Amino acid sequence: MSSRTLKDSPVAEPAGQSADGPLLEVEDLHVEFVTREGVARAVNGVSYSVDAGETLAVLGESGSGKSVTAQAIMGILDSPPGRVAGGRVLFKGRDLLTMTEEERRRIRGRKIAMIFQDALSALNPVFSVGWQLGEMFRVHEGMSKKASLVKAVELMERVRIPAAKQRVNDYPHQFSGGMRQRIMIAMALALEPDLIIADEPTTALDVTVQAQVMDLLAELQAEFHMGLILITHDLGVVADVADKIAVMYAGRIVETAPVHELYANPAHPYTKGLLRSIPRLDQRGQDLYAIKGLPPNLLHLPAGCSFHPRCEQATDLCRGERPLLSPVAGAGGEELPGRRSACHFWKETLHG
Ligand code: SF4
């Protein structure tokens, strides 16, 4: 049976889902890249949702499809060669994928904003940061140059950039990496969006600055009651800020769970491997664990479970049959809210 005909069960919500329904629902999303070598299925039936005030961390190695999913949500896929091949992206119940480009442009920035990994290339080097922050208000709200600069200073103060008034006319290269990332956050917050998608927002920063930027992002998200999708390859940065996690591998979600449950007791060998590879103080001096091998070529996905060539628990069943993302049960047989695993042996992984 073709894997495209199989549909994973949607990600169930942990307790606390808003009565009005999710802010964003991604349903069975497929994204392909047409290359000379063939069609790369970068996103292969991904479903997840985020409520207002909630943080979903989407975790995976490079090439897992986490950023491509975000680009499809934002409508900024490189197309061609990329194209959405199926699925729906419902924002407040309306499918973004069927909107006109004009409608999507109105939603981008105003309702859904994005924070990119590399602030230096996301900011324009020839305009001051005040000008770039102010542009949001000039373009979207028709504000005057003077009024927009006042707003820019307010935003810079909001993200705790010291001496904002004096620095509003400085250029991006005059700020440190951490300060530039704060400017990116300010830019995303400018129009008070309902949802922010942050794609590896702290990867380029050192560990101390990473923690400060993540704390700031979490604080502002709670204050503005926004939904936040935090895309990262680093399990270490999400423990304190996310409510729930979706782990992606080779274009699919392989595990979902409320954040603390996933850390305490993963139900997928890939997640288990990622957790083992986080450096720990009590293992100082020991070699860091690394999952063997590399993620598969998306042009030639392995048969069965995509993770089987790297999995220490793989059997013939894994090599022949793809496991669907399915509910996970506790030791007493009760379904665990929000928990799904795409592993034939989730029971052994979870309870073993
Ligand atoms: Fe490993 Fe098999 Fe589970 Fe895939 S299905 S993660 S190969 S045990």
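**Helices, pockets and cavities**

Tutor: This is a predicted model. Begin with helix α4 (residues 129-141) and helix α7 (residues 177-189), whose axes come within 9 Å and cross at roughly 20°.

Student: Why does that make α4 roughly parallel to α7?

Tutor: Because angles under 35 degrees count as roughly parallel, the crossing at roughly 20° makes α4 roughly parallel to α7.

Student: Is the crossing left-handed or right-handed?

Tutor: Right-handed, as α4 passes α7.

Student: And which residues make the contact?

Tutor: From α4 there are Val129, Gln132, Leu133 and Met136, and from α7 there are Ile183, Ala186 and Met187. By class, six of the contact residues are nonpolar, one is polar and none is charged.

Student: OK, pockets. What volume does the largest pocket have?

Tutor: About 590 Å³. Its lining has 21 residues, and those nearest the centre are Gly109, Phe116, Met136, His140 and Met187.

Student: How does the lining of the largest pocket divide by class, then? What are the numbers?

Tutor: It has 14 nonpolar, four polar and three charged residues.

Student: What about the second largest pocket, what is its volume?

Tutor: About 300 Å³. It is lined by 15 residues, with His233, Asp234, Leu274, Ser277 and Ile278 closest to its centre. Eight residues of this lining are nonpolar, four are polar and three are charged.

Student: New topic: how many cavities of 30 Å³ or more are there?

Tutor: Six. The largest cavity holds about 120 Å³ of space.

Student: Which residues lie nearest the centre of the largest cavity?

Tutor: Arg252, Val254, Cys305, Ser306 and Ala342, out of twelve lining residues. Strand β10 (residues 252-258) gives the most to this lining, with three residues. The lining has seven nonpolar, two polar and three charged residues.

Student: And the second largest cavity, what volume is that?

Tutor: About 100 Å³. Of its 14 lining residues, Pro269, Cys305, Cys311, Cys318 and Cys343 are closest to the centre. Cys305 is also among those nearest the centre of the largest cavity.

Student: How many charged residues are in the lining of the second largest cavity?

Tutor: None; that lining has ten nonpolar and four polar residues.

Definitions and conventions. Residues are numbered from 1 along each chain as its sequence is written. This is a predicted model: local features need pLDDT of at least 70, side-chain atom pairs count only at pLDDT 80 or more; totals for chains, interfaces and linings use all residues. Side-chain values use heavy atoms; hydrogens and water are left out. On a 1 Å grid over the protein atoms alone, a cavity is a set of points where a 1.4 Å probe fits but cannot get out, and a pocket is an open set with protein on both sides within 12 Å along at least five of seven lines; lining residues have an atom within 4 Å of a point. Grid points are joined across faces, edges and corners, and a volume is the space filled by probe spheres set on the points. Helices (H or I, at least four residues) and strands (E, at least two) are DSSP runs, numbered from the N terminus. Ala, Val, Leu, Ile, Met, Phe, Trp, Tyr, Cys and Pro count as nonpolar, Asp, Glu, Lys and Arg as charged, and the others, Gly among them, as polar. Axes are lines fitted to C-alpha atoms, for helices over the stretch in contact, and angles run from 0 to 180 degrees between N-to-C directions. Angles under 35 degrees count as roughly parallel, over 145 as roughly antiparallel, 65 to 115 as roughly perpendicular and the rest as oblique. A crossing is left-handed if the near helix is turned anticlockwise from the far one by less than a right angle, and right-handed if clockwise. Contact means heavy atoms within 4.5 Å.
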